[in-house]
Amino acid sequence: MNKISVLNCEGIVAHLEELQPHVGFLLEKRYIEENADWATLYRYEVPVLAGFTPDGREIEIPRPSPRASGVFLMRWLRKHYFEKLAESLGSDGS
């Protein structure tokens, strides 16, 4: 199953939790306080989203607005994650 990770944004997490049963992905919540490297890298960049391929490679998802609606977020994920995921799987010969 596909996995999407969210760093420090409860609003985005709430929308993703609503989409999760309809789209089918695992949701991983990360908190900037858990990792000093994340705090340094992403202090001014939250929310941070990342998607993962089945073999664990990370696909960076550009930062959406923290106030993004569920519909907007679904389109955003389709464009910036699911299409890239399909391309990466196709290029691997899978």
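Contact here means heavy atoms within 4.5 Å. With that in hand, take threonine 53: leaving aside its neighbours within four places in sequence, it is in contact with Ile59, Leu85 and Ser88. Threonine 53 sits in the loop between β3 and β4, and it counts as buried because its relative accessibility is 6%. The cut-offs behind that word are these: buried is under 20% relative accessible area, exposed is over 50%, and partly exposed lies in between, with a 1.4 Å probe and protein chains only.

A word on what you're looking at. This is a predicted model, in which local features need pLDDT of at least 70 and side-chain atom pairs count only at pLDDT 80 or more, while totals for chains, interfaces and linings use all residues. Residues are numbered from 1 along each chain as its sequence is written, and side-chain values use heavy atoms, with hydrogens and water left out. Helices (H or I, at least four residues) and strands (E, at least two) are DSSP runs, numbered from the N terminus.

Now for the sheet. It's an open one of four strands, in the order β2-β1-β3-β4, with mixed pairing; two strands pair if DSSP finds at least two bridges between them. β2 and β4 (58–61) are at the edges with a single partner strand each, so one side of each has no neighbour in the sheet. From one strand to the next, the twist averages 25°. For angles like this, axes are lines fitted to C-alpha atoms, for helices over the stretch in contact, and the values run from 0 to 180 degrees between N-to-C directions.

Let's go through the pairs. β1 (residues 2–7) and β2 (residues 25–30) run parallel, joined by six bridges. The chain gets from β1 to β2 through helix α1 (residues 10–23), and this β-α-β crossover is right-handed: with the strands pointing away from the viewer, the path from the first strand over the helix to the second runs clockwise. To find your place along the two strands, note that serine 5 stands opposite glutamate 28 in β2. Helix α1 packs on the sheet, where it touches β1, β2 and β3 (48–52), and its direction makes about 165° with that of β2.

On to β3. Five bridges join β1 to β3, and these two run antiparallel. Lysine 3 has phenylalanine 52 as its bridge partner in β3, and leucine 7 has valine 48. β3 and β4 also pair in the antiparallel sense, over four bridges, with glycine 51 partnered by isoleucine 59 in β4. The hairpin of β3 and β4 has five residues between the strands, and glycine 56 takes a positive phi near 95° there.

How covered up are these strands? Five of the six residues of β1 are buried, so β1 is largely enclosed by the rest of the structure. In β3, five of its five residues are buried. Val48, Ala50 and Phe52 point one way from β3, and Leu49 and Gly51 point the other way.

That brings us to the core. A nonpolar core is a set of buried Ala, Val, Leu, Ile, Met, Phe, Trp, Tyr and Cys residues joined through side-chain atoms within 4.5 Å. The largest one has 19 residues, and those with the most contacts inside it are Ile4, Val6, Ile12, Leu16 and Leu77. At least two residues come from each of β1, α1, β2, β4 and α3 (70–91), with α3 giving the most, at six. Leucine 16 is in contact with Ile4, Val6, Phe25, Leu27, Leu73 and Leu77, setting aside neighbours within four places in sequence.

Back at β2, arginine 30 is worth a click. Its side chain makes a polar contact with the side chain of glutamate 28 at 2.9 Å. That term means a pair of N or O atoms within 3.5 Å; within protein, one must be able to donate a hydrogen and the other to accept it, and residues adjacent in sequence count only if both atoms are side-chain atoms. Not counting residues up to four places away in sequence, arginine 30 touches Ser5, Val6, Leu7, Asn8, Trp38 and Phe52.

Most residues other than glycine have a negative phi, and most peptide bonds are trans. Asparagine 8 has a positive phi of about 55° although it is not a glycine; it lies in the loop between β1 and α1 and counts as partly exposed, at 24% relative accessibility. The peptide bond from valine 46 to proline 47 is cis, with omega near 5°, and proline 47 is in the loop between α2 (36–42) and β3.
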